[in-house]
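Please take a moment with the sequence and the model shown below, and keep both in view while reading.

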Amino acid sequence: MFDHCPRCGEALTLGFVRSGQRCILWTSSGKRRISYLPMREGEFSLPGESLWSGVKCPSQYCENCGLILIETKEEEST
């Protein structure tokens with residue numbers, strides 16, 4: 001996680017991106033679809049998904065420029 005916004009340098013606020021749905025999908029396609037589960041190469045669900053309570057994905061928010069940062073992979077231990 002970052003301490004400061006990579007765009008403007010201001011402090012970031014810790015929080016969550018939430019959804020009442022089963023998952024939040026990242027895809028490069030803007031096409032409409034029936035299922036929002038990852039089905040194509042390169043697609044993935046944001047971390048923190050839960051079948052029963054929706055998604056609670058840890059994130060950071062920059063109030064100054066409106067950027068929301070979400071890590072999609074856990075950091076590797078060195």
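The paragraphs that follow go through the sheet, the core, the aromatic residues and the surroundings of one glutamate.

This is a predicted model, in which local features need pLDDT of at least 70 and side-chain atom pairs count only at pLDDT 80 or more, while totals for chains, interfaces and linings use all residues. Residues are numbered from 1 along each chain as its sequence is written, and side-chain values use heavy atoms, with hydrogens and water left out.

The sheet comes first. Strands here are DSSP runs of E with at least two residues, numbered from the N terminus, and two strands pair if DSSP finds at least two bridges between them. Three strands form an open sheet in the order 1-4-5, with antiparallel pairing. Strand 1 (13-19) and strand 5 (68-69) stand at the edges, each with a single partner strand, so one side of each is left without a neighbour in the sheet. Strands of a sheet pair through backbone hydrogen bonds, either parallel or antiparallel.

Strand 1 and strand 4 are joined in the antiparallel sense over seven bridges, and in this pairing R18 has K56 of strand 4 as its bridge partner. K56 also lies over the face of F16, at 4.5 Å from the ring centre; a charge is taken to sit over a ring if NZ of Lys or CZ of Arg is within 6 Å of the ring centre and within 35 degrees of the ring normal. Strand 4 (residues 55-61) pairs with strand 5 over two bridges, again in the antiparallel sense, with Y61 standing opposite I68 and Q60 opposite L69. These two strands form a hairpin with six residues between them, and G66 in the turn has a positive phi of about 85°.

L69 also belongs to the largest nonpolar core, whose five residues are C5, L12, C62, L67 and L69. Such a core is a set of buried Ala, Val, Leu, Ile, Met, Phe, Trp, Tyr and Cys residues joined through side-chain atoms within 4.5 Å, where buried means under 20% relative accessible area, exposed over 50%, and partly exposed in between (1.4 Å probe, protein chains only). Leaving aside neighbours within four places in sequence, L12 has contacts (heavy atoms within 4.5 Å) with residues including C5, C62 and L69.

The structure holds one aromatic pair. The rings of W26 and F44 have their centres 5.6 Å apart and their planes at 10°, so the pair is stacked; rings of Phe, Tyr and Trp (its six-membered ring) pair if their centres lie within 6.5 Å, and planes under 30 degrees apart count as stacked, over 60 as edge-to-face and the rest as tilted. The pair links distant parts of the chain, with W26 in strand 2 and F44 in strand 3, 18 residues apart. W26 is partly exposed at 42% relative accessible area, and F44 is partly exposed at 28%.

E43 lies in the loop between strand 2 (25-26) and strand 3 (44-45) and is buried, with a relative accessible area of 11%. What does the side chain of E43 make a polar contact with? One partner is the side chain of R33, at 2.6 Å, and another is the side chain of T27, at 2.8 Å; a polar contact is a pair of N or O atoms within 3.5 Å, and within protein one must be able to donate a hydrogen and the other to accept it, while residues adjacent in sequence count only if both atoms are side-chain atoms. T27 lies in the loop between strand 2 and strand 3 and is partly exposed at 24%, and a polar atom of its side chain lies 3.2 Å from the backbone nitrogen of S29.

Technical notes
Helix = DSSP H or I, 4+ residues; strand = E, 2+ residues; numbered from the N terminus.
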